[in-house]
Amino acid sequence: MAGMEATGHYGKPLQYFLRYGVPELEIAVGLANPMHVQRQKEVMDNSPSKTDAKRTAVIDKLVRDGHFLHCLVPEGIYATLRELD
């Protein structure tokens with residue numbers, strides 16, 4: 001399973017690649033809410049500094065603990081219908 005922060009449309013190509021890029025693997029993607037990541041970082045480390053290493057550790061912990069949303073990547077006709085918007 002791969003965990004990432006939900007960042008709008010920026011993560012969609014990566015989500016699609018992880019899910020369907022290598023058909024033998026079909027890696028599941030868990031999305032962590034950015035607000036939860038920020039609050040959990042404050043709980044774990046009360047310093048005002050921001051680093052990618054800290055955010056990565058928090059996202060990892062949230063995904064390991066099951067506090068994430070499953071990413072549903074549409075395929076086939078559903079993906080085509082979504083592109084019509």
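Let me begin with a term: a residue is called buried when its relative accessible area is under 20%, exposed when that area is over 50%, and partly exposed in between. The model before you is a predicted one.

By that cut-off, glutamate 5 is buried, because its relative accessible area is 17%. Glutamate 5 belongs to strand 1, which covers residues 2–5. Leaving aside residues up to four places away in sequence, glutamate 5 is in contact with Ala32, Pro34, Val37, Arg55 and Ile59.

The protein chain contains four helices and three strands, and their order along the sequence is β-α-β-α-α-β-α. The C-alpha trace spans about 45 × 30 × 20 Å along its principal axes. Of the 85 residues, 25% count as buried. If we take contacts between residues at least 6 apart in sequence, 61% of them join residues at least 24 apart. The accessible surface comes to about 6400 Å², and carbon and sulfur atoms account for 59% of that surface.

I turn now to charge. The chain carries 10 positive and 11 negative side chains, and the centres of these two sets lie 8 Å apart. In general, side chains of opposite charge can pair when their charged atoms come close. How many salt bridges does a search of the whole structure find? The search finds three.

One of them joins the side chains of glutamate 5 and arginine 55, with an N to O distance of 2.6 Å. Glutamate 5 lies in strand 1 and arginine 55 in helix 3, residues 52–64, so this pair ties together parts that are 50 residues apart in sequence. Is arginine 55 buried or partly exposed? Arginine 55 counts as partly exposed, because its relative accessibility is 21%.

Another salt bridge links arginine 64 with aspartate 60, whose closest N and O atoms are 3.1 Å apart. Both of these residues lie in helix 3, four residues apart, which is about one turn of the helix. Arginine 64 counts as exposed at 59% relative accessibility, whereas aspartate 60 is partly exposed at 39%.

There remains the salt bridge between the side chains of aspartate 65 and lysine 61, at 2.7 Å from N to O. Aspartate 65 is partly exposed, with a relative accessible area of 40%, and lysine 61 is also partly exposed, at 27%.

Terms used: Residues are numbered from 1 along each chain as its sequence is written. This is a predicted model: local features need pLDDT of at least 70, side-chain atom pairs count only at pLDDT 80 or more; totals for chains, interfaces and linings use all residues. Side-chain values use heavy atoms; hydrogens and water are left out. Helices (H or I, at least four residues) and strands (E, at least two) are DSSP runs, numbered from the N terminus. Buried means under 20% relative accessible area, exposed over 50%, partly exposed in between (1.4 Å probe, protein chains only). Contact means heavy atoms within 4.5 Å. Accessible areas come from the Shrake-Rupley method with a 1.4 Å probe; for residues, only the protein chains shown count as cover. Lys and Arg count as positive and Asp and Glu as negative; His and the chain ends are not counted. The place of a charge is taken as NZ of Lys, CZ of Arg, CG of Asp or CD of Glu. A salt bridge is a side-chain nitrogen of Lys or Arg within 4 Å of a carboxyl oxygen of Asp or Glu.
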